[in-house]
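Please keep the sequence and the model in view while reading.

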Protein chains: 2
Amino acid sequence: MISSKSPALRLVKWQHETAGIWTLFAGKPESLTPLGVAGGSPLLNAIRELGEPKGAAPPAASIETVHGRIVVSLPIDDKEALFGLGLQFHRVNHRGRTRTLRVNSDPKEDTGETHAPVPLLISSRGYGMLVDSARIVSIYCGSTVRADSKNPPDLRDRGRDPLWEATPRSEAIEIVIPSPGAKLYYFAGPTPLDAVRRYVLFCGGGALPPRWGLGFWHRVRTDATDHAAAAEAQEYRKRDFPCDVIGLEPGWHSSSYPCTYEWGADRFPHPAAFVEQMTSLGFHVNLWEHPYVSPRASVYPALQPYSGSHTVWGGLAPDYTVPEAQQLLARQHDREHVSIGVSGYKLDECDGSELTGASWMFPAHASYPSGHDGEQVRQVYGLAMQRLTTELFRRRDRRTYGLVRAGNAGGAPLPYVLYSDLYDHRQYVRALCNSGFSGLLWTPEIRSASSAEDWARRMQTVCLSPLAMLNGWSDGTHPWSFPEVEPVVRKYLKLRMRLMPYLYSAFARYHFEGTPPFRPMALEPGMHNSEIDDQYMVGDSLLVAPLFAGQRSREVHLPPGAWIEFETGERAEGGQAVTVTPGIERIPIFVRNGGIVPLMPARDNAPHGGERVDLEILHFGDADGRFRLYDDDGETFAYERGAFQWRTIEITAKNGELARKISAPEPGKPSTYGEIAWTRRG
Amino acid sequence: MISSKSPALRLVKWQHETAGIWTLFAGKPESLTPLGVAGGSPLLNAIRELGEPKGAAPPAASIETVHGRIVVSLPIDDKEALFGLGLQFHRVNHRGRTRTLRVNSDPKEDTGETHAPVPLLISSRGYGMLVDSARIVSIYCGSTVRADSKNPPDLRDRGRDPLWEATPRSEAIEIVIPSPGAKLYYFAGPTPLDAVRRYVLFCGGGALPPRWGLGFWHRVRTDATDHAAAAEAQEYRKRDFPCDVIGLEPGWHSSSYPCTYEWGADRFPHPAAFVEQMTSLGFHVNLWEHPYVSPRASVYPALQPYSGSHTVWGGLAPDYTVPEAQQLLARQHDREHVSIGVSGYKLDECDGSELTGASWMFPAHASYPSGHDGEQVRQVYGLAMQRLTTELFRRRDRRTYGLVRAGNAGGAPLPYVLYSDLYDHRQYVRALCNSGFSGLLWTPEIRSASSAEDWARRMQTVCLSPLAMLNGWSDGTHPWSFPEVEPVVRKYLKLRMRLMPYLYSAFARYHFEGTPPFRPMALEPGMHNSEIDDQYMVGDSLLVAPLFAGQRSREVHLPPGAWIEFETGERAEGGQAVTVTPGIERIPIFVRNGGIVPLMPARDNAPHGGERVDLEILHFGDADGRFRLYDDDGETFAYERGAFQWRTIEITAKNGELARKISAPEPGKPSTYGEIAWTRRG
């Protein structure tokens, strides 16, 4: 009965793919993978520009098969922190934890499950590793110790040794792929940020949203009519709050849960006229939907043969991994939404849940016409919907920017921002930090608040995030819902607008260089083991440290060097934690000495293609500074055809004075900025 | 690319096994199964006595294989409630939910994972269904709808129809077994309680604990010495609190986490003398342990070849599914514990966790000498430890009663009571209800409290549970820790002792007839769809309705008929909910009209074999009543060799008077009860 044989264990070397990127086949990969569904093409030139780091080849991996699972084992150092794994809400460093990377809409516990559980680890030692599998991969992040370990942890006694640990030190990561196999990718550094860059560039570069996407967004109540939505939008103008996008929630459909994708004639009798009116008022229209097709939808009969074995809320769950299904939905969407000027979508419910609440997803054992099962389709459903809708707009040479509740590996180029129903402000900020490890964008959207203070604090955070949105679908809230903080909220909506040149340039670097616009502190130089989860970087210069309701003061960990408070101009020495006690009217933002922040006026909405705005170049402190200002038409894919430019802003300290310089616009290239003013602070 | 073929779907008939029990092979079962590990032999005669219900044959099951998973589908009715699935903390009726039946020590969310996730459904329609698999089985309890459904749910629109449901009505259960296959069992009714009985009897009958196991238990602080433990025990006597068992926590080992299983010479220099002293004082000694073997343990080298590929806290995780490993631990335990008088074990940590806290279990992909993997071994680890230790005592013809943190199917005959660290009083009562569906025993053990009220309320509950225990391992609490409620606590510890004849008879019926001693209301006649989760039955006559700290009153749902409050004798009409407002000094207990509750004196501890105690027969109300009083030596397995008896107590109402009758003891059989007194109440 006893067999002392271990399963066959093989030592497998990584294959060099391109500069700083290696690959490895663990078993035989399945045909459906997240990278394949996302569909991006690696930006090989940009990757090569990152260079070929010396001595960066990854160590060989041990691979074995245990009862049909592929197990890949890789060595880790004692001090190594393991970041990433997608949109994680509960911790930054996963070292010592077992992570189950299942797509799930209720990530209430610290298991690894979340809306976008990207199987990409970023190591503090400066490398990244991706498992390109549409299966639910488990990663034991140094949470297991093999009996045959050459370097086992010290033996301790919980009752008598205060150094005892529930998870003893482990010398390996173990990756479990419950399938015939998967392809793995290794992204070299030398820094963790370089590894992230390589990953993002390999996915096709980060998303470059249209300029209007970086304005303020408002979602109206789910039962809003065309008149109500337009009135709500106009109220923004009357009250002097910027706003670029009005989002419609489920009630715009003739029937939702499941969806028809058709305008309800009772609330939106004249969709084209409505969208045209909104456009003329300076608003883009975003439509909520989910993937489950109502039997009342005209597209239902055509989609039926391309759908899974199980329904959701009585609707089809189409196999959007197959072109026929994609095309059917795309044609309907193009005809009834995109062609009349709709600017994008909010893709809800593509994650599914069994955790709490009711169970409502198609099951893992569902079967699909493509031959895939429910586990696979669910893991990539959000990606598939993102790609389908992105291409819809690309075909019309229009950029989109939208919301989505599920993602996976490869999603960086898709112009979608994740959101959640969890609504814990601290977790939302932690997710914003973590999103930067995994090529994800995340909005800590605001819906309601427990107090005016909570409202203001959440507004400050969301205005310094990838997508600044108020979602009033349920509560019918507006920015002015708490009158006692209305001026504070207005100030931050306007700051959001003013920051657009800075933010848009940060996104351009995301696209062209792979540098995430919103980043955790662990991606900053000298902080690679940092587990700070309540402050984050926006671009290269701004460090944002939100306060949470009830907090009067907080510590801010400043990286080495001098820092200047964005608003007050006060100076603080870095390389330490400083305590700040801002009132409700201020969120702490620190700028590096020498930091440059180009601003535009606090307009009602973003400049459209060809429009010109003034530029105010804020520069901070007394050190040399440099900033690359990106410009293009802000709306189309002309930048892919060369119609873009980078302008260099330079501050040079010389003989106690600061010289200011901005390169001239390139002739023949889109040029958004007119008058230039300079302001020094701190 | 599109293949319209569904996976092969087969309609499979159940095979008749014995009276009211059918079986079905779904695929090819694996060799390791919970029933096999538990090792009980079906009590076929008792099963046959339940009869062969007419028309009870189960409907054929649909079976398909989807990507290596076996999927079994069975029809359900619209009104059918689905109970059971082991020690569930979050709900009673799983209809509409997806349950993942993984063993897990942190069942903080309503997913199905728990310490003892028994894959046994009990239907309100009066049948049970068991999946005998050591894999993590998922059960979609009417939470999925197939696209080819002949009877799909009504189509509704969430936004416009208040009857919309997140989980629409489904006409089927889907069971997913991630393995080559499993054997399924169908237990007929006609009532849900009959289905439970059939299951328990098929497992080998319920556990019959020794009498002392039903006394009060106290666990000392983990760092207690022999002197401290003895002093703690004697304090019970001084303060007039009953107590039968003193439990030692991790600190008794020379080293724990991982365990040596050897007495620490610093705290327990003379183990045999200590146990002898405790025995002479009337206490049994219970030892805490977990399955992970310290390199400092003398048994370590011998166990090493029989252990898994991964360590836990630096200790071996032996393969206790193989006889060699079992025997090695059993020999050591017998020599160093059982032979000197230790009475049993508390088997901790055999469940494992990745949910919150630190990750610390061997992984699912661990490999074992038996050829099984970590998923399988973990699912049955608690069962294996229970069986190993039970047999240790059986070989010495001594019954044991102990604690365990993990269980699975088949465990009913193993004399172990589950416990948890969750410590939510409401969840603990819900678990007590749910335990009755699955042949499990559960203790809502008390450790600490937020107030004297909380302390008293928890004490009242635990004294009316399968194992009445205070666990002071961490907080060093005693029953008198809250002096303001000391008299209340004393009263309930004494009530526990007094109830011993009633409780012991209820356990005997668990053993011989399969009737759980602690049961949810849904197992009562006429309440088969009840989701009541805050009151439960103890034996046939007592209905216990705990209060929770902060509650001044509560509703109690009384089944049809007249009921009498146990203490006050007040009468209430059943078939309705009544509101009770007991003070802190009382937990509501209702007795059926005609109910008979035999009591013994509130002694310090349980009678030992051959000892005699007086009997007070309490009978309630004015209806006829009947009770079968079980008796045996209370300590050995002589009852299996015929040395037991049932005495019949009868109350007969005639001409407005009540005639009382108890059958004489059988000559030559153990006889515990001497003087008999009768008391009528209500």
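## Lys491(A) and its surroundings

Leaving aside residues up to four places away in sequence, Lys491(A) touches Glu567(A), Glu585(A) and Arg586(A), where contact means heavy atoms within 4.5 Å. Lys491(A) lies in helix H11 of chain A, residues 486-498. Helices (H or I, at least four residues) and strands (E, at least two) are DSSP runs, numbered from the N terminus.

With a relative accessibility of 29%, Lys491(A) is partly exposed. Buried means under 20% relative accessible area, exposed over 50%, and partly exposed in between, with a 1.4 Å probe and protein chains only. Lys491(A) and Glu585(A) are 94 residues apart in sequence, yet their C-alpha atoms are 8.6 Å apart in space.

## Basis of the model

This is a predicted model, in which local features need pLDDT of at least 70 and side-chain atom pairs count only at pLDDT 80 or more, while totals for chains, interfaces and linings use all residues. Residues are numbered from 1 along each chain as its sequence is written, chains are lettered from A and ligands numbered from 1 in the order in which they are written, and side-chain values use heavy atoms, with hydrogens and water left out.

The term pLDDT denotes the predictor's confidence in each residue, from 0 to 100. Chain A averages a pLDDT of 96, and 98% of its residues score at least 70. For the complex, the predictor gives an ipTM of 0.94 and a pTM of 0.96. Over residues 1-5 of chain A, pLDDT stays under 50, and the model has 10 contacts beyond four places in sequence for this stretch. Where pLDDT is low, the predicted coordinates should not be read in detail.

## Overall form of chain A

Chain A contains 12 helices and 35 strands. Its radius of gyration is 25 Å, close to the 26 Å that the globule rule gives for 682 residues, so chain A is as compact as a globular protein of that length. The radius is taken over C-alpha atoms, and the rule is 2.2 Å times the number of residues to the power 0.38. Along the principal axes, the C-alpha trace spans about 80 × 75 × 55 Å.

Of the 682 residues of chain A, 66% are buried. Among contacts between residues at least 6 apart in sequence, 73% join residues at least 24 apart.

## Helix H9 of chain A

In helix H9 of chain A (residues 425-435), 10 of the 11 residues are buried, so the helix is largely enclosed by the rest of the structure. Tyr428(A), Arg430(A) and Cys433(A) are among the buried residues. The cover over the buried residues of H9(A) includes helix H10 (452-462), strand E22 (518-520) and strand E23 (536-538) of chain A.

## Two buried residues

Leu32(A) occupies the loop between strand E3 (21-27) and helix H1 (34-38) of chain A, and is buried at 8% relative accessibility. Beyond four places in sequence, the residues touched by Leu32(A) include Val37(A), Ala134(A), Thr321(A) and His372(A). Leu32(A) and Ala182(A) are 150 residues apart in sequence and 10.0 Å apart in space, C-alpha to C-alpha.

In chain B, Val580(B) belongs to strand E28, residues 576-580. Val580(B) is buried, with a relative accessible area of 13%. Not counting residues up to four places away in sequence, its contacts include Arg552(B), Val556(B), Pro588(B) and Phe590(B). The C-alpha atoms of Val580(B) and Ser663(B) are separated by 37 Å, and the two residues are 83 apart along the chain.
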